[in-house]
Amino acid sequence: MTDEKNPPEPPEAVPPGDDPADGFGEPLLPEPPHPINWNLLTADEAEAEWLELNKWTDWLRRTYGLPASVLPPFWHRHPELVWELSALHLHWLAAYDPEQNASAPLGWHRDFADARQRLRDWVAACGTRLDRDRPTRQTAWPGEDPSEPVEDRIIEDRDQDFVQFVLDDVQARREAEEAFFAGLNPATGEPP
């Protein structure tokens, strides 16, 4: 109860960033998963996607006890495996989204069984193994130069190889971005 002699104290000011209304209008959940086109990722996007996919594939192999014949340690060196695992990861994210219906995880597991067979086929075709790797053999079509011979390479530290692979990929993307922007017409901002 207040009276004129003791007026109520004004409410304390809420420090910036602590006001619940500050975030009004922002989504409560992160954006839903969306397809990833590895060919079009910027350097920064690629780095984030590589790290996220690596973390998820490590979880996947441990959770499901996947052998190297399904999920080899050097999957990152083989685009056919990257695309398959990336699609499987996105499917998993969508299936386990809190807004998804309760049967979505069963659909993911059904599709995971199909994906495991495709992964076995990709691994057998590309030739990557538990302790060594080689580039996927390419078949030269009529009129093309013969493919370069491929050699197995022993890789002793998988994590070190992955980190260097990602650094190289990010650097190549960054250089391509810089070359593209350097070639733009300064007056119009368009390619020549």
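Is the crossing of helix 1 and helix 4 right-handed or left-handed? The legends below concern a predicted model, and the first of them takes up this crossing.

**View 1. Helix 1 packed against helix 4.** The crossing of these two helices, helix 1 and helix 4, is right-handed. Their axes lie 8 Å apart and meet at an angle of about 160°, which makes helix 1 roughly antiparallel to helix 4, since angles over 145 degrees count as such. On the helix 1 side the contact is made by Ala-43, Asp-44, Ala-46, Glu-47, Trp-50, Leu-51 and Asn-54, while helix 4 contributes Arg-158, Phe-162, Phe-165, Val-166, Asp-169, Val-170, Arg-173, Arg-174 and Glu-177.

**View 2. Helix 1 packed against helix 2.** Here the angle is about 80° and the axes are 10 Å apart, so that helix 1 is roughly perpendicular to helix 2. Helix 1 makes this contact through Trp-50, Glu-52, Leu-53, Trp-56, Thr-57, Trp-59 and Leu-60, and helix 2 through Val-82, Leu-85, Ser-86, Leu-88, His-89 and Trp-92.

**View 3. Helix 3 and its buried residues.** Helix 3 comprises the 23 residues 104–126, which at 1.5 Å a residue should span 33 Å, and the 32 Å between its end C-alpha atoms agrees with that expectation. Its buried residues are Ala-104, Pro-105, Gly-107, Trp-108, Phe-112, Ala-115, Leu-119, Val-123 and Cys-126, and they pack against helix 1 (43–64) and helix 2 (79–95). After the helix comes Gly-127, which has a positive phi, near 85°.

**View 4. Trp-108 and the largest nonpolar core.** The largest nonpolar core has 30 residues, of which Trp-50, Leu-60, Trp-75 and Trp-108 touch the most other members. Helix 1, helix 2, helix 3 and helix 4 (158–182) are the elements that each give two or more residues to this core. In soluble globular proteins, nonpolar side chains tend to be buried together. When its neighbours within four places in sequence are left aside, Trp-108 is in contact with Trp-56, Leu-60, Tyr-64, Leu-88, His-91, Trp-92 and Ala-95.

**View 5. Phe-181, an exposed residue of helix 4.** Phe-181 has its place in helix 4, and because its relative accessibility is 56%, with the cut-off at over 50%, Phe-181 counts as exposed. Although Phe-181 and Pro-191 are 10 residues apart in sequence, the distance between them in space is 8.5 Å, C-alpha to C-alpha.

Note on methods: Residues are numbered from 1 along each chain as its sequence is written. This is a predicted model: local features need pLDDT of at least 70, side-chain atom pairs count only at pLDDT 80 or more; totals for chains, interfaces and linings use all residues. Side-chain values use heavy atoms; hydrogens and water are left out. Helices (H or I, at least four residues) and strands (E, at least two) are DSSP runs, numbered from the N terminus. The expected span of a helix is 1.5 Å times one less than its number of residues. Buried means under 20% relative accessible area, exposed over 50%, partly exposed in between (1.4 Å probe, protein chains only). Contact means heavy atoms within 4.5 Å. A nonpolar core is a set of buried Ala, Val, Leu, Ile, Met, Phe, Trp, Tyr and Cys residues joined through side-chain atoms within 4.5 Å. Axes are lines fitted to C-alpha atoms, for helices over the stretch in contact, and angles run from 0 to 180 degrees between N-to-C directions. Angles under 35 degrees count as roughly parallel, over 145 as roughly antiparallel, 65 to 115 as roughly perpendicular and the rest as oblique. A crossing is left-handed if the near helix is turned anticlockwise from the far one by less than a right angle, and right-handed if clockwise.
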